[in-house]
2 protein chains.
Amino acid sequence: MSTLAHSPELHPDALRILPLGGLGEIGLNLMVLECRGDLLLIDCGLMFPEAYMMGIDLVIPDVSALAGREADIRGLVLTHGHEDHIGAIPFLYETLGCPPIYGTALTLGLLRGKLEEHKLAGRARLETVSPRQSVQLGVFAVEFYRAAHSIVDGAGLIIRTPAGTVIHTGDFKLDQTPVDGEPTDLPRLAQCGEEGVLLLLADSTNIEKEGYTLSERVVGEAFQQILPQCSGLVMVATFSSNIHRIQQVVDAAVDCGRSVLINGRSMVTNTDIARKLGYLNIPDSALIELRDLRDIPRDQVLVITTGSQGEPLSALARIAMDDHKQLYLEPGDTVILSSKFIPGNEKAISDLINHLYRRGAEVFYETTSEVHVSGHASQEELKLVHSLVKPRYFVPVHGEYRHLVKHAQLARRMGVAPEHAVVLENGQPLLVSENGLRLEERLESGRIFVDGKGVGDVGVMQLRDRSHLANHGMVMVILAMNQKTGEILYGPEIHSKGFVTEDESGEFMELARQAVCDTLAEHSLAMLGDWEELRVEVRKTLRRFFNRTIERRPMILPVILEL
Amino acid sequence: MSTLAHSPELHPDALRILPLGGLGEIGLNLMVLECRGDLLLIDCGLMFPEAYMMGIDLVIPDVSALAGREADIRGLVLTHGHEDHIGAIPFLYETLGCPPIYGTALTLGLLRGKLEEHKLAGRARLETVSPRQSVQLGVFAVEFYRAAHSIVDGAGLIIRTPAGTVIHTGDFKLDQTPVDGEPTDLPRLAQCGEEGVLLLLADSTNIEKEGYTLSERVVGEAFQQILPQCSGLVMVATFSSNIHRIQQVVDAAVDCGRSVLINGRSMVTNTDIARKLGYLNIPDSALIELRDLRDIPRDQVLVITTGSQGEPLSALARIAMDDHKQLYLEPGDTVILSSKFIPGNEKAISDLINHLYRRGAEVFYETTSEVHVSGHASQEELKLVHSLVKPRYFVPVHGEYRHLVKHAQLARRMGVAPEHAVVLENGQPLLVSENGLRLEERLESGRIFVDGKGVGDVGVMQLRDRSHLANHGMVMVILAMNQKTGEILYGPEIHSKGFVTEDESGEFMELARQAVCDTLAEHSLAMLGDWEELRVEVRKTLRRFFNRTIERRPMILPVILEL
């Protein structure tokens with residue numbers, strides 16, 4: 001696969017778009033626009049690992065398609081502060097040649113914290129942009145517009161290019177009664193639609209949901225209903241970036257005369273940032289610390305905490321297992337999981353809820369109560385945006401493959417010419433101009449794994465080995481031989497990990513050892529000096545033995561020392 | 001923990017119930033009733049492994065609490081033929097002393113196939129029972145009653161004991177228009193309620209669902225609507241045990257003039273059994289084989305297949321990856337996943353759907369169309385059963401802990417005295433009599449893992465090792481020393497699996513090796529002869545090195561040979 005070439009042949013009025021993440025997957029959002037040699041990057045997000053990525057901490061997009069073009073990057077613009085839109089920046093900022101970064105105040109506030117952790121804050125140029133404000137980045141005039149989402153200060157982008165106007169919605173919903181009174185800027189989108197829009201790139205996350213997504217305010221009403229009925233301690237777990245949600249919880253708590261305890265590292269960090277920037281209003285008098293707990297009756301306390309996804313090391317998971325030093329639950333207490341069951345976490349969340357019930361708490365959660373609403377537009381909202389924007393071309397973004405297909409189908413029903421609604425995948429460049437669309441040769445793209453401090457040093461091969469070890473365990477055979485005579489100086493000894501309960505001294509392992517001895521007696525002299533072949537033979541023997549006896553395929557590691 | 005003792009002290013009119021599986025979990029259903037020294041077993045199911053049970057094929061209940069009491073088991077009665085109710089029998093039948101087994105015709109038909117596979121068919125005594133028929137098993141008079149469920153020939157149990165009448169619902173729903181015209185036998189339950197019921201044990205699976213579960217017939221209507229609109233090949237994936245579902249698919253296919261291909265091992269087996277027993281009606285003329293495919297236009301074929309859970313080795317998964325020899329999809333084809341997204345499988349199913357879209361197919365599934373309904377009763381149905389049966393005592397069964405708690409709450413709202421609705425967990429015996437309830441000392445219970453041919457030879461320790469290996473990989477250090485002088489005869493050599501992309505010859509691994517050499521130089525003489533201590537020291541060195549450099553914790557296996 002190749003990289004994004006300098007394209008002198010590119011017509012000055014043609015625009016190239018190149019998705020490097022977020023198309024065909026949830027997370028990793030990164031879109032590249034190119035016009036007249038200038039590059040504009042939109043978002044740079046991470047993804048949390050899927051089950052098969054064993055031991056991986058984070059996933060970031062592969063940006064090697066941009067190698068050699070760093071100097072052409074005029075800027076990185078951010079739609080909002082969620083991890084799947086800004087989380088990869090600390091890992092890729094230097095690789096991308098440290099471009100200036102543009103975003104709204106909270107988005108940059110959250111990013112600044114991350115850059116500081118990675119000791120990059122000093123090198124990064126962060127420029128705050130307000131909604132309806134424009135910045136000129138090379139040939140791109142980028143105007144931010146307000147987008148309501150499950151994080152404060154979200155934005156969409158109106159990008160004027162020599163080829164025409166591009167609208168990128170970011171993540172959004174059409175909340176008519178947002179908590180901060182700032183709905184998605186439909187008037188601005190309508191105006192653009194009247195002026196003519198070349199290309200719409202729009203959020204596909206909730207394309208499978210019919211109707212409208214409920215307003216965030218509905219959740220506030222649910223809290224106002226539930227809280228007065230609670231007799232004991234109340235804990236609310238939610239995403240630490242959902243500042244509006246936190247505000248509504250705090251308001252409901254204060255209305256009931258409960259003091260608020262903020263718990264969990266990212267919850268403390270994010271509420272601090274949001275309070276400093278004026279996005280979150282918590283009266284100092286309402287805030288308490290862990291040490292204050294013993295002096296206040298349980299029914300006058302509300303704990304806002306992280307851990308809504310059942311993360312095993314989170315405070316909430318430990319509380320559920322009755323394994324937390326300061327916090328505990330007792331019959332009569334209430335826990336509210338004000339959050340989505342993120343795909344892949346269902347089992348962990350379900351286990352968490354069961355354990356909370358074991359502690360005697362009553363639990364409210366998405367599937368049984370209206371304590372969470374989505375931040376993404378449903379079908380009717382998407383239709384409205386399509387009908388206002390009336391784009392000539394449409395490329396769905398932010399979604400798994402089926403979401404993209406369904407969003408393209410919706411666009412066609414809304415009037416986009418069938419061949420003008422195109423499903424792209426990551427690494428697939430598309431040339432866009434008034435004259436039409438052209439798919440170009442696919443470029444390098446993919447996922448880079450972060451494990452501990454290592455970025456990219458665990459690959460597909462290591463994951464395959466991890467999967468083998470995970471599913472079957474391993475068996476080691478240790479043996480030392482005289483390299484001249486073939487005399488066995490040590491072993492064979494068999495050790496296993498994750499294989500069977502029996503240890504090496506047991507009857508079954510002795511049979512396995514005996515099988516190896518037989519193989520050695522048969523082959524070791526003939527293979528004298530060809531240790532690799534002997535190793536293969538020993539492995540084959542054990543593989544057959546374990547397959548025949550217990551139908552299992554452990555990873556077999558023969559260690560043969562030649563002395 | 002102890003086993004179920006012979007209890008001469010047990011009052012002749014007292015009943016003991018002992019759940020050994022299915023309470024606090026989905027699957028593994030096994031309930032024991034004891035009265036006057038006689039034991040009755042209800043169901044004996046398996047569970048598919050959870051994510052943390054790496055490499056495990058199946059899970060079965062631990063029945064060691066019954067050790068020594070095999071001769072007292074008067075029978076094993078089965079409510080229906082699902083794996084989570086009969087699947088553990090082949091593994092436990094001999095352990096349980098080969099008791100006679102009672103069930104309806106299809107239930108025993110499905111069981112017989114399993115016993116044959118395990119070469120147990122000759123030893124098992126299987127007795128077919130029809131609804132409203134009773135069998136006397138020791139002191140227990142067990143009457144089967146019809147229960148509608150997502151498998152044909154389901155039953156509930158009315159068990160008359162010296163202590164009083166016990167009703168065990170099995171899995172059920174109150175389908176008023178079942179496909180076979182045989183609804184759950186509410187009149188019989190009502191009659192029992194009038195006569196007086198001591199204890200109700202009822203299905204809690206869908207306690208979180210409000211209202212009523214839709215009739216199976218709704219799915220048939222969905223097929224009748226979707227199929228006439230399909231232009232290409234149609235594939236329907238469903239559970240091979242859901243014979244009514246299969247019947248409805250076949251009917252809709254025949255109505256549209258499509259021939260039917262049955263695909264997938266268990267689909268072929270189960271439809272064979274069901275046709276032979278008269279539960280499934282497929283005209284021979286409508287059935288085709290794989291080899292007939294090339295002679296029939298695609299729009300005249302419907303494939304019924306397994307693989308609805310995204311199982312990676314299933315035919316459907318291979319078709320979705322375009323990796324199946326005889327079957328393929330092309331634009332215009334349709335796939336219907338007529339099945340539940342079983343918790344834990346969501347991601348695999350979601351991946352499957354995305355790949356089906358990549359093939360160009362249109363896909364219908366639970367979250368977007370009415371192509372599946374549940375087989376379990378929702379809240380209003382459960383309320384109806386409670387109000388008809390009017391039990392004195394209630395113990396919720398079949399559900400995770402939160403389901404059991406919520407079902408007990410519902411029972412109390414329906415009139416059971418608060419202290420008479422009891423949430424039990426596996427291994428917790430409960431004495432029940434007209435005079436009250438008494439919790440007894442907890443007995444041995446739990447889960448036994450089946451991996452390949454091995455039953456119980458993978459334990460918690462092995463799973464912990466597998467998890468460690470899965471998340472961090474492993475590093476081996478190989479070294480041979482003269483046991484008298486401490487001279488290093490070989491190594492140290494470092495090998496790794498699932499750790500980093502770099503091999504042992506790389507710079508990073510050389511640094512690791514150097515760290516080991518330093519440790520050896522420092523300690524090996526002092527620790528001469530105490531190889532275990534040296535091993536600990538080497539492991540510590542590498543653990544520190546990897547933690548400091550890349551913040552990772554591989555499993556470190558020092559192999560030190562003393563020669």
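Between which strand and which helix of chain A is the loop that holds Val373(A)? The loop runs between strand S18 (362-364) and helix H10 (379-389) of chain A. The legends below concern a predicted model, in which local features need pLDDT of at least 70, side-chain atom pairs count only at pLDDT 80 or more, and totals for chains, interfaces and linings use all residues. Residues are numbered from 1 along each chain as its sequence is written, chains are lettered from A and ligands numbered from 1 in the order in which they are written, and side-chain values use heavy atoms, with hydrogens and water left out.

**Figure 1. Overall view of chain A.** Chain A contains 14 helices and 26 strands; helices (H or I, at least four residues) and strands (E, at least two) are DSSP runs, numbered from the N terminus. The C-alpha trace of chain A spans about 85 × 75 × 45 Å along its principal axes. Of the 563 residues in chain A, 60% are buried, where buried means under 20% relative accessible area, exposed over 50%, and partly exposed in between (1.4 Å probe, protein chains only). Among the contacts in chain A with a separation of 6 or more, 71% are between residues 24 or more positions apart; a contact means heavy atoms within 4.5 Å.

Figure 2. Val373(A) is buried, at a relative accessible area of 4%. Apart from neighbours within four places in sequence, Val373(A) has contacts with residues including Lys173(A), Glu216(A) and Arg245(A). Asn242(A) occupies the loop between strand S13 (234-237) and helix H6 (243-255) of chain A. Asn242(A) is buried as well, with a relative accessible area of 2%. With neighbours within four places in sequence again left aside, Asn242(A) is in contact with Ser150(A) and Glu216(A).

**Figure 3. An open sheet of 3 strands in chain A.** The order is S4-S22-S23, with antiparallel pairing. Strand S4 (58-61) and strand S23 (454-455) of chain A are the edge strands, each pairing on one side only. Two strands pair if DSSP finds at least two bridges between them; strand S22 (residues 447-451) of chain A and S23(A) pair over 2 bridges. Gly454(A), in S23(A), is the bridge partner of Asp451(A).

**Figure 4. Helix H5 (residues 216-226) of chain B and its packing.** The buried residues of H5(B) include Glu216(B), Val219(B), Phe223(B) and Ile226(B). The buried residues of this helix pack against strand S13 (234-237), helix H6 (243-255), strand S17 (334-337) and strand S18 (362-365) of chain B.

**Figure 5. Backbone details in chains A and B.** Gly491(A) and Pro492(A) are joined by a cis peptide bond with omega of about 0 degrees, and Pro492(A) lies in strand S25 (residues 488-497) of chain A. In chain B, the peptide bond from Gly491(B) to Pro492(B) is cis, with omega near 0 degrees. Asp153(A), although not a glycine, has a positive phi of about 65 degrees. This residue is in the loop between strand S9 (140-146) and strand S10 (155-161) of chain A, and Asp153(A) counts as buried at 5% relative accessibility. Lys390(B), also not a glycine, has a positive phi of about 45 degrees; at 45% relative accessibility, Lys390(B) counts as partly exposed.
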